[in-house]
Amino acid sequence: MNPNKAGGIIAQTRDNGIEFPLKSFSKGSTMRIFASLALAALALFSFSASSQGPLAPKVQLAAPQVPQVPPMGWNSWNYYAGKVDDKAIRAAADQLVSTGMKDAGYTYVNIDDTWEGERDANGVLHTNAKFPDMKALADYVHSKGLKIGIYSSPGPKTCGGYAGSLGHEEQDAKMYAAWGIDYLKYDLCSFIGDVMEKEAPNDRPAQMRLMIDAFAKMDKALKATGRPIVYSLCQYGWDSVWEWGPSVGANLWRTTGDITPDWDRMYVILSQQEGLEKYAGPGHWNDPDMLEVGNGKLGYGENRTHFSMWAMLAAPLLAGNDLPNMKPEIKAILTNRDVIAIDQDPLGKQGARIYSEGEVDVWARHLSGGALAIAVVNAGSDRYSTHPFHLNLRKLGLAGTQTGKDLWTGKTMELKDNMPLELTSHDVLLVRLDAPRLLAAAPSKTQPEVSR
Ligand code: GAL
């Protein structure tokens, strides 16, 4: 479901912090500490392990631990949609191993919608004919050293019209655990029309409370299984999910409607992430939707911009392409270890758009050990050397010439203040500075605050 198309609620506009480039990082940390304390108190110490920022209070964690870095893997929807079956999932698992993607960090093989069959008289949900034996499939995926994910809805039906979990949350969660499921994507879908609008007609706040309760219910059911299961909320960013996602145990939450494999949609989604950086942290991530790298109309530069920026956003890296027929250049993008290291950086701070000039955007992301990643995106189509973009290092809080690594050429490069940059249309410059030289004392209120 795409609320943009359906005319529903979409992720709201956020402030952009152009004048105070690195301020939001330190402010965000402080806010997260207070938010975490308040939430932990509210939840009477049932706050999930996955919702803890690095500085969050140490509480006795009842919940099973899931990885604290953004999940990496592959999901069936973007390529197969309703055509996914047992064979495709096994092939995806095989390919993750044989292409080296597993070694690069891709771990989860996620079955999206259309695996579900009918419920029997005892309420047990059976798989449909495309998935003859889910336990055997999970065992196969596990035998490759990978993990397996599944999909459902808090409503009676999924977005594809298959059986959802409404009224069967505990039963379904237990079944997932018995199969060996490691990840659940829980997609709002029919819960909107069949529950929210029916039970609270014309009362948006009451509808949102019903929605939050439904996500909390499945969280409780998953935790009760004792199995570590990554919990992925899919409700398109409604009601500022980033503000309450951690309180219902979410490890990630979609921030927008669906992605499609074209530049315009990818860029709109990227732009909508601005201002959300303070809500992400270890174990709880904004999810700008799964990767379209290698799909549809995206060209080479567009694919690497998409991948670079999802890494800057500390987004889940869930490839969604045709793995058995992946072209070498797509594999090279998806397995670029330097870019993956940006995404998986243990500090867990999401990058922010620092400034834009015309059609060029400059983003920065703080990394562990005081390192900094800088991404310059050319979203335009006709900027030439006669009038190049000039990089402003002061706006990034940086003092003078910097030495870093261009993560797409692998070469050392120098960034100089006001240097002209000519980027191909819809392409990116992604640079890692391991030892950035920061402005010591910037003039008056433009002084950047840097958390180190
Ligand atoms: C959408 C969701 C997609 C996919 C699809 C399956 O609501 O955003 O990512 O899961 O449902 O029907």
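α11 passes α12 in a left-handed crossing. A crossing is left-handed if the near helix is turned anticlockwise from the far one by less than a right angle, and right-handed if clockwise. The model is predicted, so local features need pLDDT of at least 70 and side-chain atom pairs count only at pLDDT 80 or more, while totals for chains, interfaces and linings use all residues. Residues are numbered from 1 along each chain as its sequence is written, and side-chain values use heavy atoms, with hydrogens and water left out.

**Helix pairs**

Two packed helices are described by the angle between their axes and the distance between the axes. Axes are lines fitted to C-alpha atoms, for helices over the stretch in contact, and angles run from 0 to 180 degrees between N-to-C directions. Helices (H or I, at least four residues) and strands (E, at least two) are DSSP runs, numbered from the N terminus.

| Helix pair | Angle between axes | Distance between axes |
|---|---|---|
| α11 and α12 | about 20° | 11 Å |
| α4 and α6 | about 10° | 9 Å |
| α8 and α9 | about 130° | 8 Å |

Angles under 35 degrees count as roughly parallel, over 145 as roughly antiparallel, 65 to 115 as roughly perpendicular and the rest as oblique.

Take α11 and α12. They are therefore roughly parallel to each other. W263, M266, I269 and L270 of α11 make the contact with E302, T305, H306, M309 and W310 of α12. Contact means heavy atoms within 4.5 Å.

How many of the 10 residues of helix α11 are buried? The number is 7, so helix α11 is largely enclosed by the rest of the structure. Buried means under 20% relative accessible area, exposed over 50%, and partly exposed in between (1.4 Å probe, protein chains only). The buried residues of α11 are W263, R265, M266, Y267, I269, L270 and Q272.

Next come α4 and α6. Their axes lie at about 10°. That makes α4 roughly parallel to α6. D86, I89, R90, A93 and D94 of α4 meet A136, L137, Y140 and V141 of α6.

D86 sits in helix α4 (residues 86-98). D86 is buried, with a relative accessible area of 12%. Leaving out residues up to four places away in sequence, D86 touches K130, F131, P132, D133 and L137.

The last pair is α8 and α9. They are therefore oblique to each other, and their crossing is right-handed. On the α8 side the contact uses F191, V195, M196, E197 and E199, and on the α9 side Q207, M208, L210, M211 and A214.

**Two buried residues in contact**

A315 is found in the loop between α12 (300-312) and β10 (317-319). At 0% relative accessibility, A315 counts as buried. Beyond its neighbours within four places in sequence, A315 is in contact with P70, N286, P288, W310 and D343.

D343 belongs to helix α14 (residues 337-343). Which side chain of opposite charge is nearest to D343? It is R365, 4.9 Å away. Lys and Arg count as positive and Asp and Glu as negative; His and the chain ends are not counted. D343 is buried yet has no salt bridge, meaning a side-chain nitrogen of Lys or Arg within 4 Å of a carboxyl oxygen of Asp or Glu. R365 is among the residues that D343 touches, as are P70, W310, A311, A314, A315 and L317.

**The whole protein**

The protein has 14 helices and 18 strands. Buried residues make up 57% of its 452 residues. Among contacts between residues at least 6 apart in sequence, 69% join residues at least 24 apart.
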